[in-house]
Amino acid sequence: MPLKVTRRNTGPVQSRDRCTPLVVFVLSSRTHRFSELLRRIEGISQKMLTQTLRDLERAHCVQRTVIPSTPVAVEYSLTPLGETLVGPLHGIINWATEHAAEAGFTEPSSAVA
């Protein structure tokens with residue numbers, strides 16, 4: 001079940017469990033176009049990426065910029081509020097990397113005699 005956070009005057013904002021951290025992680029490096037995000041995040045559907053970006057934009061964590069060109073291009077970047085997610089996200093990534101075997105994410109390495 002998605003995490004629901006209520007924001008004053010904006011209604012409920014849903015966080016897509018698996019997709020939101022991936023989108024924030026990819027956007028933490030630089031601004032990306034939609035098609036770049038779709039290529040960088042393996043296994044995400046166009047629909048799920050669209051929903052996640054809309055949710056993040058509604059939560060004021062992502063800025064959507066339309067670039068007038070032919071064809072029209074749209075770029076996404078983290079807002080200052082969205083950038084506050086990067087530190088905790090990296091903390092979770094570091095924890096998972098450090099404790100992967102203990103947490104059952106990977107096979108424990110065998111001791112070399």
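The structure is a predicted model, in which local features need pLDDT of at least 70, side-chain atom pairs count only at pLDDT 80 or more, and totals for chains, interfaces and linings use all residues. Residues are numbered from 1 along each chain as its sequence is written, and side-chain values use heavy atoms, with hydrogens and water left out.

## Overall organisation

The chain contains six helices and five strands. Helices (H or I, at least four residues) and strands (E, at least two) are DSSP runs, numbered from the N terminus. In sequence order, the pattern is β-β-α-β-α-α-β-β-α-α-α. The chain has 113 residues, of which 27% count as buried. Buried denotes under 20% relative accessible area and exposed over 50%, with partly exposed in between (1.4 Å probe, protein chains only). A contact requires heavy atoms within 4.5 Å. Among the contacts in the chain with a separation of 6 or more, 41% are accounted for by residues 24 or more positions apart.

Three strands form an open sheet in the order 3-5-4, with antiparallel pairing. Its edge strands are strand 3 (32-33) and strand 4 (62-67), each of which pairs on one side only. Two strands are taken to pair if DSSP finds at least two bridges between them. Strand 3 is joined to strand 5 (residues 73-78) by two bridges, and these strands run antiparallel. Strand 4 pairs with strand 5 over six bridges, also in the antiparallel sense. Strand 4 and strand 5 form a hairpin, with five residues between them.

E75 in strand 5 stands opposite R33, and T65 likewise stands opposite E75. Five of the six residues of strand 5 are buried, so this strand is largely enclosed by the rest of the structure.

Helix 1 (residues 19-27) lies across strand 3, strand 4 and strand 5, and runs at about 95 degrees to strand 5. For this angle, axes are lines fitted to C-alpha atoms, for helices over the stretch in contact, and angles run from 0 to 180 degrees between N-to-C directions.

Helix 3 (residues 46-58) has 13 residues, which at 1.5 Å a residue should span 18 Å; its end C-alpha atoms are 18 Å apart, in agreement. The expected span is 1.5 Å times one less than the number of residues. The buried residues of helix 3 are L49, T52, L53, D55 and L56. Seen down the axis of helix 3, these buried residues fall within an arc of 160 degrees, so they line one face of the helix. The arc is that of the directions from the helix axis to the C-beta atoms. The face of helix 3 turned away from its buried side carries the exposed residues Q46, K47 and R54. Just after helix 3, H60 takes a positive phi of about 65 degrees.

## Cysteines and P80

| Residue | Relative accessible area | State |
|---|---|---|
| C19 | 12% | buried |
| C61 | 9% | buried |
| P80 | 66% | exposed |

A disulfide is counted for a pair of cysteine sulfur atoms within 2.5 Å, and by this rule the count is zero. P80 is located in helix 4 (residues 80-83). P80 and C61 are 19 residues apart in sequence and 7.3 Å apart in space, C-alpha to C-alpha.
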